[in-house]
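Please open the model in your viewer and keep the selection tool at hand. The tour below moves from one selection to the next and says what is found at each stop.

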Amino acid sequence: MKHIIQLSFFLVLIIAPESAFADYVKKSSSGICHESNSQYYERTQNYTRFESINECLEQNGRLPAGHAHSDSATSDISEYNRSAFRHWIDENRNCLNTRHELLKSQSTGPVVKTEEGCRILHGRWNDPYTGEIFLESRFVDVDHLVPLRWAWSHGADKWDEEKRERFANDERNLFIVSASANRSKGAKGPDEWLPPNQAFRCQYVTRYLRVLILYDFPHETRADVTAIRADTCS
């Protein structure tokens, strides 16, 4: 019996994937330190191995944008307030705010408005995050591709009100997606969350990077997303 148990354990060691026992840190070729709970841990094939995150950081490594680990101080975003980004404005004063303007313009079928004409109730929307099609607006959200909270902690806290308003209502930073997908994403950056629809992931990160460039986010933040894009689009 003892020999059978030893043999079984040996077979587990052979068959089990690397991730089952991996607790070391991978520093990618672009210098990003990935802990074992990182979304990109398994996908990082060209790396330098370190025994701890601090060891990796000491060797000129860096954390993914917006990421903090258990041994490091978390970013202080307690002062973030969503109202700092004035969003869903009615810029042309036609009683349709940004959300409903987008629902109207991106519907691939006829839209049905409320009686007063200020809200879109029905249409046909293709959710790029999941690949699903929705016919009722109550089941979709308008997602900020680069989340407002994420933007705040990566430099938007230093913007003036006009720039934050422009950012929050910029159609280049907005997608109509399923409410569940939007809630799943929350304020996560592309190092922590990518769309379930794998066919859209490269386009997602590419557009994310485009918005960062358009709004002149810090170079280091853009560099991190550029590295993620290289991994995602390879």
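Which residue's side chain meets that of D216 in a salt bridge? Select D216 and R222: their side chains form a salt bridge with an N to O distance of 3.7 Å, the term standing for a side-chain nitrogen of Lys or Arg within 4 Å of a carboxyl oxygen of Asp or Glu. D216 counts as exposed, at 57% relative accessibility, where exposed means over 50% relative accessible area, buried under 20%, and partly exposed in between, with a 1.4 Å probe and protein chains only.

Before moving on, keep in mind that this is a predicted model, in which local features need pLDDT of at least 70 and side-chain atom pairs count only at pLDDT 80 or more, while totals for chains, interfaces and linings use all residues. Residues are numbered from 1 along each chain as its sequence is written, and side-chain values use heavy atoms, with hydrogens and water left out.

Select D141 and R183 next, whose side chains meet in one of them at 3.4 Å, N to O. Because D141 lies in strand β7 (residues 140-144) and R183 in helix α6 (residues 179-185), the pair ties together parts that are 42 residues apart in sequence; helices (H or I, at least four residues) and strands (E, at least two) are DSSP runs, numbered from the N terminus. D141 counts as buried, at 13% relative accessibility, whereas R183 is exposed, with a relative accessible area of 58%.

Then select R166 and E162, whose side chains meet in a salt bridge at 3.2 Å, N to O. These two residues are four apart in helix α5, and R166 and E162 are therefore separated by about one helical turn. R166 is partly exposed, with a relative accessible area of 41%, and E162 is partly exposed as well, at 47%.

**The nonpolar cores**

Now select F85, Y129, V146, F167, Y204, Y208 and F217, which touch the most other members among the 30 residues of the largest nonpolar core. Such a core is a set of buried Ala, Val, Leu, Ile, Met, Phe, Trp, Tyr and Cys residues joined through side-chain atoms within 4.5 Å. Among the elements that each supply at least two residues of this core are α4 (148-153), α5 (161-168) and α8 (219-232), while α7 gives the most, with six residues.

If you centre the view on V146, its contacts (heavy atoms within 4.5 Å) include A151, F167, N173, Y208 and F217, not counting residues up to four places away in sequence. A second, separate core has ten residues, including L103, V140, L174 and I176.

For the last stop, select strands β1 (residues 25-28), β2 (residues 33-34) and β3 (residues 47-50). These strands form an open sheet in the order β2-β1-β3 with antiparallel pairing, two strands being paired if DSSP finds at least two bridges between them. β2 and β3 stand at the edges, each with a single partner strand, so one side of each is left without a neighbour in the sheet.

Four bridges join β1 to β3, and two join β1 to β2. Select K27 to see both pairings, for this residue stands opposite T48 in β3 and has C33 as its bridge partner in β2. K26, in turn, stands opposite R49 in β3. V25 and K27 point one way from β1, K26 and S28 the other way, and all of these are buried. Finally, look at the hairpin that β1 and β2 form with four residues between them, where G31 in the turn has a positive phi of about 90°.
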